[in-house]
Amino acid sequence: MKNNPITLYELNRLVKEVIESEMPNEYWVEAELSECRESRGHCYMELIQYDENGDSLGTAKNSGLFGTPTRSGPIAKASAKCWASKWMVIRPYFERTTGQQLHAGMKVLLRVYPQFHEAYGFSWIVTDIDPTYTMGDMARKRQEIIRQLKEAGIFDLQKELRLPLFCQHIAVISSETAAGYGDFCNQLADNPYGFQFQTQLFPAIMQGEGTAQSIITALEKIYNHVDFDCVVIIRGGGATSDLSGFDALELAENVANFPLPIITGIGHDRDESVVDMVSHIRVKTPTAAAALLISHLKEILDTINDTQEHLTRYAQQKLSTANYQLSAIAIALPRIFSTVKIHQEARIDSLYSRLAHCCSDKTSSLSSRLTALEERLPMLIERRLLSECHRLQLIEEKTKGLDPRLLLKRGYSITLHQGKVIRSSEQLHQGDEIETLLEKGTIKSIIK
């Protein structure tokens with residue numbers, strides 16, 4: 001009643017009594033962890049549930065180098081606690097069975113009972129966790145990720161790449177303080193063949209919740225370089241329970257689509273992670289990754305040496321054959337030269353005989369022709385003289401016909417001005433003196 005209110009403590013006490021009386025049993029509940037942390041030996045969890053009809057692996061939004069999915073909103077949330085007395089028993093059994101620690105994003109099957117405290121409110125108290133349920137969910141998630149990668153056609157993209165022949169410029173993704181990184185570098189530096197490798201570290205978180213995004217960031221930095229031959233992702237030491245980040249879809253997509261071969265040496269013997277599956281080559285440890293690179297370069301060196309030996313043997317065989325052929329030619333050369341000399345001398349003699357015969361025939365022919373010309377020459381000269389005399393007579397007659405004196409005898413006259421024949425009156429002007437030639441005498445006149 002408004003006039004008779006109760007205190008908050010009394011109200012919370014009533015809620016506690018109702019819950020304890022109406023829900024006295026323990027319940028197995030399926031949920032996903034959105035947060036999990038330890039404090040003073042106790043484990044504090046935040047439970048969450050998404051819409052079963054939604055996309056558990058994500059839908060619209062993307063992030064990262066090649067794009068990764070995000071989730072839709074939750075439909076239920078709750079807090080849960082596991083007291084230290086239970087947690088110290090549950091935790092090692094769970095991690096030993098699943099190979100992982102409890103972490104955000106993991107689906108779990110919890111046995112709980114409700115508890116309402118007057119001062120701290122409501123929470124579920126965890127008394128047991130079934131690891132087989134989590135293992136099944138992990139397997140389902142991995143299979144779903146693998147299915148999506150295969151449907152996208154990128155699951156085997158890395159397998160289609162080839163390590164460069166001289167794979168010596170290595171981009172390394174690892175924790176800077178990890179023992180595995182030091183082992184990897186030492187193994188490369190102390191190789192028995194004296195091979196020189198150049199490594200560059202791109203630091204990343206290699207365990208825990210930030211693993212996937214940290215490695216993606218490192219891949220983005222490597223992607224902007226053009227001077228690396230391959231990428232090595234290594235992780236030395238640590239518990240296998242810290243490997244959940246290597247089963248992330250977003251990281252698997254980036255690794256599968258990466259243009260350089262990626263070698264993984266994450267340092268565990270359990271089933272392959274999804275990143276291991278999509279990488280170019282998977283080895284167990286960082287030292288094994290270094291041994292792989294050294295072995296690859298040793299194979300190339302052996303191939304070069306084998307090719308060099310083959311070429312040397314081939315060249316020696318060719319030289320031996322050529323020397324044998326030269327020796328045989330040297331032995332046969334005098335005989336061949338003698339034979340050729342005889343043939344050439346005979347040929348020269350034949351040519352000389354033919355040349356002499358041709359010269360004799362030509363001389364005889366020209367002599368006969370000269371004799372014939374000598375006999376014909378007087379007759380030809382006489383004929384030519386008669387012809388030219390007749391031609392001169394014709395020219396003389398023609399010249400006489402053109403003599404101006406004949407024209408004057410016929411009554412014509414020739415008018416001259418300054419010694420030149422006048423052919424037109426326009427050539428003369430008033431006062432000019434002209435001279436007229438007649439058959440007998442000349443007349444000088446002045447033009448008026």
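A: Rings of Phe, Tyr and Trp (for Trp, its six-membered ring) pair if their centres lie within 6.5 Å; planes under 30 degrees apart count as stacked, over 60 as edge-to-face and the rest as tilted. By that rule the structure holds 4 aromatic pairs. In the pair formed by F202 and F228, the ring centres are 5.7 Å apart and the planes stand at 75°, so this pair is edge-to-face. Helices (H or I, at least four residues) and strands (E, at least two) are DSSP runs, numbered from the N terminus. F202 is buried, with a relative accessible area of 5%, and F228 also counts as buried, at 10%. Here buried means under 20% relative accessible area, exposed over 50% and partly exposed in between (1.4 Å probe, protein chains only).

The model is predicted: local features need pLDDT of at least 70, side-chain atom pairs count only at pLDDT 80 or more, and totals for chains, interfaces and linings use all residues. Residues are numbered from 1 along each chain as its sequence is written, and side-chain values use heavy atoms, with hydrogens and water left out.

Q158 is in the loop between α3 and β6 (169-174). Although it lies in a loop, Q158 is buried, with a relative accessible area of 0%. Leaving aside neighbours within four places in sequence, Q158 is in contact (heavy atoms within 4.5 Å) with V255, A256, F258, L260, P261, I262, V278, S279 and H280.

β1, β4 and β5 belong to a barrel, which 5 strands close in the order β1-β2-β3-β5-β4, with mixed pairing. Neighbouring strands of this sheet are turned by 50° against each other on average, direction ignored. Strands pair through backbone hydrogen bonds, either parallel or antiparallel; two of them count as paired if DSSP finds at least two bridges between them. Strand β4 (residues 107-117) and strand β5 (residues 121-129) run antiparallel and are joined by 8 bridges. In β5, S123 is the bridge partner of Q115.

Charged side chains give a further set of links. A salt bridge is a side-chain nitrogen of Lys or Arg within 4 Å of a carboxyl oxygen of Asp or Glu, and the count by this rule is 14. One of them joins R37 and E35, at 3.4 Å from N to O. R37 is partly exposed, at 43% relative accessible area, and E35 is partly exposed as well, at 37%.

R91 forms a salt bridge with E95, where the closest N and O atoms are 3.0 Å apart. These two residues are 4 apart in helix α2 (residues 84-98), which means that about one helical turn separates R91 and E95. Both are partly exposed, R91 at 28% relative accessibility and E95 at 22%.

In the salt bridge between R282 and D276, N and O are 3.8 Å apart. R282 is partly exposed, at 25%, whereas D276 is buried, at 3%. Elsewhere, salt bridges that share partners join R13, K16, E17 and E118 into one network.

Most residues other than glycine have a negative phi. R40, in the loop between β1 and β2 (42-50), has a positive phi, near 55°. R40 is exposed, with a relative accessible area of 82%. Q418 is found in the loop between β11 (414-417) and β12 (420-421). Its phi is positive too, near 55°, and Q418 counts as exposed, at 72%.

Technical notes:
Axes are lines fitted to C-alpha atoms, for helices over the stretch in contact, and angles run from 0 to 180 degrees between N-to-C directions.
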